[in-house]
Each structure stands twice: as C-alpha cells, then as structure tokens.
Amino acid sequence: MTGDEPVADESVGDGIEYGIDEQPPVGESMVLGIQHYLTMVGANIAVPLILADAMGMPPGVTARFIGTFFVVSGIATLAQTTFGNRYPIVQGAPFSMLAPALAIVGVVTAGGVSGQPSWEAALLQLQGAIIVAAVVEVAMGYFGLVGKLRRFLSPVVIAPTIALIGLSLFNADQITAANQSWWLLGLTLGLILLFSQYLDVKHRAFRLYPVILALVIAWLAAAALSVLGVIGGGHPGYVELGQVTDTRALLPIYPFQWGVPQVTTAFVVGMFAGVLASIVESIGDYYAVANITGSGAPSGKRINHGIGMEGLMNVFSGVMGTAGSTSYSENIGAIGLTGVASRYVVQIGAVIMLFVGFIGYFGQLIATIPDPIVGGLFIAMFGQIVAVGISNLRHVDLDSSRNTFVIGFALFVGLAIPAYMGNFESTIAFRETVGLEAGVDALVGTLGVAGTAAATWIEAAAQAVVDTIFIIGTTGMAVGGLAALVLDNTIPGTREERGLAEWNRLTEDESEFESFWDRWVRTETRSED
C-alpha cells in the first residue's frame, strides 16, 4: 500500500461506521452527504425565513436570499473541513447571531438609521455589522486568542449560553402570531415527534429525516387545501403555488448583490455579541464531535484554526449578503445517529448544496412554506438547541449550589433583560426613556463645549453607547453568557466541580492537529525526498 492510499481511522469511537479520515465510495458518499445536510436544512431555511419576514422582503427576493444561504453554507463547509479545524462539521446559518440580527433589523425598519425603513437598508446594515465583527473573530482565531481563553470557558458557561439561543427565540412571530393556524402547526410538530421518537425504530428513514418528512407532508396538505379552495389567500396556511413558476430557473448570486454594506458602530458591537456566542457554541461543537468519534478533545491549535476560518466565512457571508455562518449542532447529532463521521462525506454534501443554491425554483419553493409549518419546525429546532446546551451539564457537579446559582442566574437574566428591552420598539424609544437628549444637553452645558461639531460628536457617541446597550440587552445569549462567564470565573470552585477536569480529560496534543498547510508542506517535503 502506498502512502497516498486512504487508511482507516484508528481513533474512531464505538458505533462509528466511517471515521474522520475515511473515504467511502463516491456514490455512497453522495447519498450520505445529502443525508448530513438534510439534518440541518430546516435550520438553514429557518434563519433566512425569519429575517425575510422581519425585513418585509418580497417573496421573489426571498427565494434568492434563501439560495444565497445555501451557497454560503456549501463554500463555508468546504473551507472549514479543508483549511479550518478539519472536523466533519457542516457550516450554516447561525441561530446564535439571529437575535442581534433581528435587533438591527428592528432598529433600521423603524427608521432609526436611514430614516427610510426598507428591507434593503436593513440588509445592508446587517451585512456591514457582520463583516466588521467577523474581522475581529478572524484575529481572535488566527492570533491564538480563542485557544488561550479556552481555560475560562467551562460547561457552566457553555450550557446556559447555548440553551438561551433557543429560549430567547421562543416568541418568534411564526409561533405566537394572533392569527396562527394551530392545526397546521400541530400537524407539523406532531409528525416530527411521531417520526423521530416513535417510528425511528421501524425504518431508518424515520430516524434520519423526521424534519424533512414532516415538512413535506404538512406542506402538501396545506397546498392541497389551498388548491381546492378550502383555505383562502388570507389564511396563514395558504400556499401560493404561482410564486414557484414565476421565479427564474437560475438565480444570479454574487458578492454585494444587494448593494454596498453600511457600517454603524452600535450595530457592529451588538453583532459582535452574537459572534462571541457563536464562538462559544462552536467550541462546544468541537468538543462534542471529538467525543462522539472517540478522538481526543480539540487542542488550542485546532480551535484557533476553526474559529479563524469561521471568522473568514462570516466575512464572506457578509459580502455575499447573508447573516453569518457557524458550526451546526444538528450535524453533530447526525454523526451520532448515522455513525458517519467522514469529512469527505460532508464535503461531497457541501458541493451538492452549493449548486442547489443557484436553482431558483428551490429557493422559491422554500419561500412558499406557510408560517404555521415554520412555527412547528421552530418549536422542534429551538427545543433541540436548548437540549444541546443542557447536555453540556453532564460534566458538571449539579449538587453544587455554586453551579446551580450561576446556571440559574444566567438563564434568568438572559430571558428577563431581553423581555424588558422588548418593551421598546426601537432604540429611539429607548433613548427617550433613558433621557439621552436631556443628558447630552446637560453634559455639553457643564463642560462648556464650544462649537456645534463638538456637541454633535458627543451626542453621536452617547447614542452609539445607548444603541449598543439596547442591542446587547435584546440578545439573550449575550446577556446570559456574559453573566455566566463572569460568575463562573469569579466565584470560587474546583475544576472538578465546574466540569473542566472531565471536559479536558483527553485533549489532543498540539502536534496531532495537521492543518491543510501542514499537510501540504509535509507532502511537498516527502516528494522532494
């Protein structure tokens, strides 16, 4: 056997059919790759649908918006599995960055920035915030900062932060709308429950595709009732099939397709709170995939490469016009269910999704999914995210009053403060409540600042601070995660109590991680010899 031939991964865990470095046959890899993406396709359409609805985006544009998410997902996954941490983790639209994105959209559509609310203005502000915040993420990764900060992140911090991603989104309009079609939402959720929890032992398809099967059946039911006239155009479950044929066969997806991104300081800081939550979530995913595959816990070097690449792909997503990219916890669950941990399989699936994103009929078909069906999907997906967060507590001593206080406090403030901030429709109302204008006038008068330019600068700085507080305050995982981080690292507690001893019990040696460049240099050196 030559040195270039694939070898079996000797570090695979129990129940793993294909290890990280193994390559199944191409035909089988295509099916398995699509299967990997099917486990996260629901979430990858949920984020653009939520944002499109919040921005008031026209249906025709929504199809292109969704297609862009799939193109970005495919490219980001290829980049991460090849040049980044080289784990078989799918990259896709992040829930962790959705809350600050919705806050930004809310401010812009209320006329708080441009004075002319529109989906274009909101999207350009969102792109600018993501690009600038992601540049900082790139620096944190490739300069090694994340690897060094890893010692401050215990399961006590990870668990409530990830859980709040799902909990803070429970009041999505697709769930709590006054004119909700509860029978259609219940049908979708009931089918997901039936397939994933009761029929999963009957057939492999029910275990692998419960979300997609439920979504398709519910959509077919709604479409049939719409065609037969049982439900009319004003019903929340109505399906406008004419929209599918009205779209273009191929979508023109390219950089800066919506225009030149706009940068607002407060939005950047608010979005960076989401980026930090995404970093924490991704680190948890790295540990999870290492545990499932029987590998050593990720080293600081691997984590730095992974976060640095996620930052680069977030910059790329901002350039392309989406709302970021991050590691998918659903994909980790798929590895445990199917036993397929091959990065080659994930890469094949990424290529397929990349091409699918350019097909207009696909994006437009997704855009016809009624809100009640999306609501049922959200309940299942958000609940799964909460469960992923809570699962990290298995490493923690839950008999410790210290830990229960930190976790409980983080969850409570992560829900309470955003709920309070939700009383204000925009930062304009929030500024009026905190008396910003009066405070700035008093400060200018006290300091005796001369000249309109200086006074204007002080007012702009004050507004940026208040806007930043507002956006961070509306982001549950940012508030709760920050509270958990501070308390966990200031309240005395042992490594065993905090779960760090168990979490880091088997950490791979730095030299065991081989980046793409390390691999390329080694290959070139061997060929020269």
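Are Asp488 and Arg402 buried or exposed? Asp488 is buried, and Arg402 is buried as well. The model is a predicted one. Keep this pair in view; the walk through the structure starts with the two helices that carry it.

Two packed helices are described by the angle between their axes and the distance between the axes. Take H19, which spans residues 401-421, and H23, residues 476-488. They pack at an angle of about 155°, and their axes lie 7 Å apart. Angles over 145 degrees count as roughly antiparallel. H19 and H23 are therefore roughly antiparallel to each other. Their crossing is right-handed.

Who makes the contact? From H19 come Arg402, Phe405, Val406, Phe409, Ala410, Val413, Gly414, Ile417 and Pro418. H23 supplies Gly476, Val479, Gly480, Ala483, Ala484, Leu487 and Asp488. By type, the residues of this contact divide into 11 nonpolar, 3 polar and 2 charged.

Side chains of opposite charge can pair when their charged atoms come close. Searching the whole structure turns up 3 salt bridges. One of them joins Asp488 and Arg402, with the closest N and O atoms 2.9 Å apart. This pair links distant parts of the chain: Asp488 sits in helix H23 and Arg402 in helix H19, 86 residues apart.

Asp488 has a further partner. Arg498 forms a salt bridge with Asp488, and here the closest N and O atoms are 2.9 Å apart. Arg498 belongs to helix H24, residues 495-498, and lies 10 residues from Asp488 in helix H23. Both Arg498 and Asp488 are buried. Which residues do the shared partners join into one network? They are Arg402, Asp488 and Arg498.

Another salt bridge involves Arg343 and Asp21. Their side chains meet at 2.6 Å, N to O. Arg343 is in helix H16, residues 343-356, while Asp21 is in the segment before helix H1 (26-38). The two are 322 residues apart, so this bridge, too, links distant parts of the chain.

His395 is found in the loop between helix H18 (371-391) and helix H19 (401-421). Its relative accessible area is 16%, so His395 is buried. What does His395 touch, not counting residues up to four places away in sequence? The list is Pro155, Glu496, Gly499, Glu502 and Trp503.

The last stop is helix H5, residues 119-142, where Ile131 is found. Is Ile131 buried or exposed? With a relative accessible area of 18%, against a cut-off of 20%, Ile131 is buried. Leaving aside neighbours within four places in sequence, Ile131 is in contact with Pro261, Val315, Gly318 and Val319. Phe272 gives another reference point. Ile131 and Phe272 are 141 residues apart in sequence. In space they are 10.0 Å apart, C-alpha to C-alpha.

Methods: Residues are numbered from 1 along each chain as its sequence is written. This is a predicted model: local features need pLDDT of at least 70, side-chain atom pairs count only at pLDDT 80 or more; totals for chains, interfaces and linings use all residues. Side-chain values use heavy atoms; hydrogens and water are left out. Helices (H or I, at least four residues) and strands (E, at least two) are DSSP runs, numbered from the N terminus. Buried means under 20% relative accessible area, exposed over 50%, partly exposed in between (1.4 Å probe, protein chains only). Contact means heavy atoms within 4.5 Å. Axes are lines fitted to C-alpha atoms, for helices over the stretch in contact, and angles run from 0 to 180 degrees between N-to-C directions. Angles under 35 degrees count as roughly parallel, over 145 as roughly antiparallel, 65 to 115 as roughly perpendicular and the rest as oblique. A crossing is left-handed if the near helix is turned anticlockwise from the far one by less than a right angle, and right-handed if clockwise. Ala, Val, Leu, Ile, Met, Phe, Trp, Tyr, Cys and Pro count as nonpolar, Asp, Glu, Lys and Arg as charged, and the others, Gly among them, as polar. A salt bridge is a side-chain nitrogen of Lys or Arg within 4 Å of a carboxyl oxygen of Asp or Glu.
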